[in-house]
Amino acid sequence: MRNILRIFAIRREERMLATVLLLLLLALNAIVIAHYYSLFTPLQKYYWPLFIRNFHISGFDPITLSVVSDWSAGYNVFRHPLLAFFMYPAYLLNQALMFITGINCAIFIVAAMQVGSAFYADIFLYRILREITLLDRFDSTLLVALYQSFAFIMLAAMVPDHFIFSSMMLILSLYVTGRRLASRRPMKIWQTIVYFVFTAGTSLNNGLKVFLSALFVNRRKFFHPAFLLLAVLLPSLLLWGIARWEYRVFVYPTEQARHKAKAKKEAARKKAAEFAKAQRDSVMLAQGKTPEPAKNTKAKPKRKVAGAPIAKKGFLSWTDVTTPRWESLVENVFGEGIQLHKDYLLQDVLRKRPMIVHYTMATNYIVEAIIVLLFIFGILCGLRNTFLWSCMAYFLLDMTLHVGLGFGLNEAYIMTAHWAYVIPIAMAFFLRLINPQFAWIFRSIIIIITSFLFGWNITLVCQFLT
């Protein structure tokens, strides 16, 4: 237990970075709190419609605010099987604060959790760069700053969604992976289970990354029957069983009640419409006129918000095989995720934003190209490094899901916090191997890009929220 707590202690050389990060994250969250304070703090009977209808920042969902205000299994239980239970202590705290203050403190509690998660995500990334890739303090700090300047890394730390919690757990898992690889110690069964439960419990597909880490660290020992059974198969089956139980107990009854209420409301609407038409027809007949035939009201065609799936049922209904991949990579994955588009600024693709939005300035594409090139150079420089390949395994899993199968491809930028830490880690191998005589050129380029991204993204976020 002492070792677990020690990992969260801030070291002497991290104090300056930690202070600046904390001030930045507090300021970003203060902007969101100020924007929604008057709307979200009054006590309500029903919180779900209040948050869902009124919170609009890109495609992020404010489900966490609802769960912390009035606990329910509000998340998709098959994608986030334990997240509602992780939020239960925050809900209890909010209930106590509601009683004391007379207002709903969910936005403050969730903001505190976001700040803490984003803060430690950056600290663990710094430690990876210092201890695993062996960069000096200046370069490590510079790459952490670059990472934090990415648009949807900043946003993940500000919005009441689950992405920043996942990001912190994934970077921590990579930090532990790197330390185990460096010391040549295997990942123990209990460690794998703990990281899997917290990571997969928050977002199910990310649990696979913990198994990938265990595979890189343990190698052949990963396939030992005891490890496969106790660390991989049993936790996976247990988590899936919990998700199914959660659906039956908490979600299914609510869904059935909602469907019945909707059907009852629709039946009442039709009955009222028929009654009104019968009255109009009676009046027209009394006036010697011919009643008008019933109008054929066709539903308006829905706006296209995603490509065609592989199948229309089950998990394959979330796939997308027709949305253009190259444009998605340029404009969404390495575009919007890193630097915001001015057009349709932070709009939701399910409402107004098109799936593909283009930048209006060549500067944005130049910045994107430099970041991608430095990323590729870093990968090439670290081709023989096992730790980098464990990081790339995380990245390739996300790219397979989002770009390959098309899961969430229409808003792939929202998932940036699940993989973007790989960019500074790869760049670290490039900076470490580059000739010191030319290193200042690339450090200057990174400083300029980081400054540009902070200025660009923070300006647009403030413009949107103020």
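Biologist: Is Lys209 buried or exposed, and how does one read that from its relative accessibility?

Modeller: The general idea is that a residue counts as buried when its relative accessible area is under 20%. In this predicted model, Lys209 has a relative accessibility of 0%, and therefore it counts as buried.

Biologist: Where does Lys209 lie, and which side chains make polar contacts with the side chain of Lys209?

Modeller: Lys209 lies in helix 12, which covers residues 207–218. The side chain of Lys209 makes a polar contact of 3.0 Å with the side chain of Asn206, and a polar contact of 2.6 Å joins it to the side chain of Asp398.

Biologist: Where is Ser328 found, and which residues are in contact with it?

Modeller: Ser328 is found in helix 14, residues 325–336, and with 1% relative accessibility it also counts as buried. Apart from neighbours within four places in sequence, its contacts are Thr323, Val333, Ile356 and Leu409.

Biologist: What can be said of Asn457, and which residues are in contact with it?

Modeller: Asn457 has its place in helix 18, residues 436–465, and is buried, with a relative accessible area of 0%. Beyond its neighbours within four places in sequence, Asn457 is in contact with Ser149, Phe150, Ala151, Met154, Ile338, Gln339 and Leu340. Gln347 is 110 residues from Asn457 in sequence, while the two are 15 Å apart in space, C-alpha to C-alpha.

Biologist: How do I read the backbone angle phi, and which value does Ser58 have?

Modeller: Most residues other than glycine have a negative phi. Ser58, a residue other than glycine, has a positive phi near 50°; Ser58 lies in the loop between helix 3 (48–54) and helix 4 (63–69), and is buried, with a relative accessible area of 4%. Tyr344 is not a glycine either, and has a positive phi of about 55°. Its place is in the loop between helix 14 and helix 15 (362–381), and Tyr344 is partly exposed, with a relative accessible area of 43%.

Biologist: How many helices and strands are in the protein, and how does its radius of gyration agree with that of a compact globule?

Modeller: The protein has 18 helices and zero strands. A compact globule of 466 residues would have a radius of gyration near 23 Å, and the protein has 25 Å, which agrees. Along the principal axes, the C-alpha atoms fill a box of roughly 95 × 55 × 50 Å, and 48% of the 466 residues count as buried. Of the contacts between residues at least 6 apart in sequence, 73% join residues at least 24 apart.

Note on methods
Residues numbered from 1 in each chain as written. Predicted model: local features only at pLDDT ≥ 70, side-chain atom pairs only at ≥ 80, totals over all residues. Heavy atoms only, no water. Helix = DSSP H or I, 4+ residues; strand = E, 2+ residues; numbered from the N terminus. Rg over C-alpha atoms; globule rule 2.2 N^0.38 Å. Buried < 20%, exposed > 50% of the residue type's maximum accessible area, 1.4 Å probe, protein only. Contact = heavy atoms within 4.5 Å. Polar contact = N/O pair within 3.5 Å; in protein donor to acceptor, adjacent residues only side chain to side chain.
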